[in-house]
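This report describes selected features of a predicted model. Please consult the sequence and the coordinates alongside the text.

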Amino acid sequence: MKYVIIGNSAAGVSAVEGIRSVDKEGEIVLISDEPFAAYGRPLISYYLLGATDRSRMNYRPADFYEKNKVQTMFGVRAERIDPDAHTVCFGGGNTTEYDKLLFATGSRAFVPPMSGIESVPERFTFMTMQDALDLEEALSPEKEVLIIGAGLIGLKCMEGILARVKGVAVVDLAPRILPSVLDAEAAAIVQRELEARGVQFLLSDSVARFDGKTAHLQSGRTCAFDILVVAVGVRPNVELVREAGGTVARGIVTDECQRTDLPDVFAAGDCTESMDVSSGTRRILALLPNACAQGFCAGVVMAGGERAPEPAIPLNAVGFFGSHILTAGSYEGECIAETYPDRCRRLFVKDGKLKGFILVNEPERAGIYTALIRRGTPLAELDEALLCKAPCLAAFSEKARAEMLAREV
Amino acid sequence: MKRIYVNEKWCLGCHLCEYECAFAATGLDDMVKALKGRPIHPKIRVEDAGEVHFAVNCRQCKDPVCVRRCISGALTKGEDGVVRIDREKCVGCLTCVLVCPYGAVMPAPDGHAAMKCQLCTDNVCGEPNCVRHCPNQAIVFEERA
């Protein structure tokens, strides 16, 4: 059996582990256009912050590829696949055959057309190690930075560079920061925290046009800067599957075991759509934990094993300068909230089930809530009042607790 | 493998396991000197709910969700089955805290990493100190299915 994996980040690496949990001998070829061994991609902001360094960013031990008998092709871009011939083509007319193929191609930074952007001398995106290295070279204490996008990528970038530049301003079309992760109340807490550190937010606004190192905003304000970072969002890398005739909606469409509708072709991670069980909708969950779970499952199934797919839900663990924001699921239904000036716990309950939560600076034991969302546990089976005060196992029945604590899990 | 299991009906709620856990981590030989007047940060926590008491620490899961979800590769499951965290690689994002269904991975007191029970394989005790000193065998270290 010969497996070919395109992509060497969380989903690709996890697929190697999934394959090897079933098939110790089959040939594995891993193709990646990045010229490095896998690194924890979300660590690029921690790298700029100085909280990690390149030697510690390796996502797996140095002997990972050798130990798992993976033939790596780093710095090579897959250009086309032929699903009938079961081949992958890359530069120079070379091809490789596969029995099973996985797309773990991830996503890329999206730079929308913006008037005058070509006149900006120093502009960056923030997705890859190379992006972080390029940005790092431009940083200096006398420079002002403008970040377009107050989402996870934009704000983690801000955290990474704030102490290394003169100032950071962040523009977002949404009226609040982290619009896809937080609701208005939680966002206000985090925004206050960041403003106290000197970050300037320009919300409900966008850039009308750039003129060199000046951004003219829709509101009429102007913003002078030296370095521009565009972090408005990501787009899934789906082109090879689409060109080969595979079904692509928002992302590559797969079944729950990550099979595409092309024979022997699988897809996992940011390039795919997932069923979000917290909202009951299909969406792209471009998040590392999700990529890992899908990659592992794909690997097992490619190798002929069986694995119950894990229900996917949005999960975010993010923080700035020591704060901790943990969120999961969808913010639907009744909100049970405890809000303080510097922290909050917001639980979202619908149809007698926990659907989502936002915990700002209250991280302890959040996973107990996450498991309730993922499993769709009816809250009637639990001591709901106790659970709303804090995540705890005391809220479960003695029998349920024994299942968790008195046997192998 | 041998794991820590909870016999809930025997737990007195004395919290001694928490002190023994914190003590084991210090590497000192006098508990009073090691802990007196200091806040403790144990990796086993007793829950008290009225008459019900029980200790919770890492289950050393067969298929640990924290390991698979870690963004930095800091969490691993060793060949001995113990789930370990490499503090040097951990960036303290707390994804592991977000996904552990038992609430058994916790922020470390320095705020820069997570921490968890490693069955005292990471200190001089070698075997779980909490179990050794539990006065009522409410936690045990043994093989179970």
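The model is predicted: local features need pLDDT of at least 70 and side-chain atom pairs count only at pLDDT 80 or more, whereas totals for chains, interfaces and linings use all residues. Residues are numbered from 1 along each chain as its sequence is written, and chains are lettered from A and ligands numbered from 1 in the order in which they are written.

**Domains and chain contact**

Chain A is assigned domain 1 (2-107 + 235-302), domain 2 (117-230) and domain 3 (324-405); such bounds come from an automatic or database domain assignment. Between the C-alpha centres of domain 1 of chain A and domain 3 of chain A the distance is 32 Å.

The contact involves 44 residues of chain A and 35 residues of chain B, two residues being in contact if their C-beta atoms, placed from the backbone, lie within 7 Å. Elements of chain B that give two or more residues to the side touching chain A include strand 1 (2-6), helix 3 (65-69) and helix 4 (95-99). Helices (H or I, at least four residues) and strands (E, at least two) are DSSP runs, numbered from the N terminus. Helix 4 of chain B gives the most to this side, with 4 residues. By class, the side of chain B that touches chain A has 20 nonpolar, 5 polar and 10 charged residues. Here Ala, Val, Leu, Ile, Met, Phe, Trp, Tyr, Cys and Pro count as nonpolar, Asp, Glu, Lys and Arg as charged, and the others, Gly among them, as polar.

In helix 9 (residues 366-375) of chain A, 9 of the 10 residues are buried; a residue is buried if 20 or more other C-beta atoms lie within 10 Å of its own, exposed if 12 or fewer, and partly exposed in between, with C-beta atoms placed from the backbone. Among the buried residues are A:Ile368, A:Tyr369 and A:Leu372. The buried residues of helix 9 pack against strand 21 (315-318), strand 22 (325-329) and strand 25 (353-360) of chain A, together with helix 4 of chain B.

Strand 22 of chain A is largely enclosed by the rest of the structure, because 5 of its 5 residues are buried. Its pairings, and one further pairing in chain A, are tabulated below; two strands pair if DSSP finds at least two bridges between them.

| Strands of chain A | Sense | Bridges |
|---|---|---|
| Strand 21 and strand 22 | antiparallel | 4 bridges |
| Strand 22 and strand 25 | antiparallel | 5 bridges |
| Strand 14 and strand 15 | antiparallel | 3 bridges |

A:Asn316 has A:Thr327 in strand 22 as its bridge partner, and A:Leu326 stands opposite A:Leu359 in strand 25. Strands 21 and 22 of chain A form a hairpin with 6 residues between them.

The bridge partner of A:Thr214 is A:Ala224 in strand 15.

**Positive phi angles**

Most residues other than glycine have a negative phi. A:Gln258 has a positive phi near 75° and lies in the loop between helix 7 (239-243) and strand 18 (265-267) of chain A. A:Gln258 counts as buried because it has 31 C-beta neighbours inside 10 Å. In chain B, the phi of B:Leu94 is also positive, near 70°. B:Leu94 is found in the loop between strand 5 (83-85) and helix 4 of chain B, and it is buried, with 25 other C-beta atoms within 10 Å.
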